[in-house]
Amino acid sequence: MKSTRDAVAALKGVARRYVPRTVRFLPRALALHRPMLGTHLRDTLGRRFPVGHPQAHLDAAMAWLARAQDATGSGGIAASWSEGRWQPAYPETTGYIIETFFDYAHRHGQAEFRDRALAAADWELTVQLPSGAYQAGTTADAAVPAVFNTGQVIFGWSAALNET
């Protein structure tokens, strides 16, 4: 007579041959992704975040960018919010956020954002590399010149030159 252990082993062998791999790993996948499943369900049902008037969402996003700038204390804009804190300023994103600040200031009568844009443009002058380029990554990273990042800063400077 075979033991229970032998029977279980035989069933596992059958399962391996006849049950698709994705089905066999489904319980483990569900366990790994359980925290995200609730979020996806709420997204699907439209209940994760309340949807308000577009202007309210725009104002909230701009306030968040303002906090990202204030967090650096330099005029530059933080790269992100991560690990429970604002990350160092990022020349590339600061460059194109300058344009966003100017646009918002004009279209929505928020003069504070014109001042923020000019402060960001001034900050960009202080972090330019001797070669004329701007670095990849944040100001806390190694200063490696990056063409793309330099181009984004130029967008911001162009907007600042048009404003002054």
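Which residues in α6 are buried? In this predicted model, the list reads Phe113, Arg116, Ala117, Leu118, Ala120, Ala121, Trp123 and Glu124. When you look at the numbering, keep in mind that an α-helix makes a turn every 3.6 residues, so residues three or four places apart point the same way.

So what sits over those side chains? The cover for the buried residues of α6 includes the helices α4 (54–72), α5 (91–108) and α7 (147–163), along with the strand β3 (134–135). As for α6 itself, it runs over residues 111–126, 16 residues in all. From first C-alpha to last, α6 spans 24 Å, close to the 22 Å you'd expect at 1.5 Å a residue.

Now hop over to α7, where you'll find Thr150. Thr150 has a relative accessible area of 16%; the cut-off for buried is under 20%, so Thr150 counts as buried. Its side chain reaches the backbone oxygen of Ala146 at 2.7 Å. Setting aside neighbours within four places in sequence, Thr150 touches Gly132, Ala133 and Tyr134.

Time to zoom out. The protein chain has seven helices and four strands, and from the N terminus they come in the order α-α-α-α-β-β-α-α-β-β-α. Of its 164 residues, 29% count as buried. Among contacts with a separation of 6 or more, 47% link residues 24 or more positions apart.

Conventions
Residues are numbered from 1 along each chain as its sequence is written. This is a predicted model: local features need pLDDT of at least 70, side-chain atom pairs count only at pLDDT 80 or more; totals for chains, interfaces and linings use all residues. Side-chain values use heavy atoms; hydrogens and water are left out. Helices (H or I, at least four residues) and strands (E, at least two) are DSSP runs, numbered from the N terminus. Buried means under 20% relative accessible area, exposed over 50%, partly exposed in between (1.4 Å probe, protein chains only). Contact means heavy atoms within 4.5 Å. The expected span of a helix is 1.5 Å times one less than its number of residues. A polar contact is a pair of N or O atoms within 3.5 Å; within protein, one must be able to donate a hydrogen and the other to accept it, and residues adjacent in sequence count only if both atoms are side-chain atoms.
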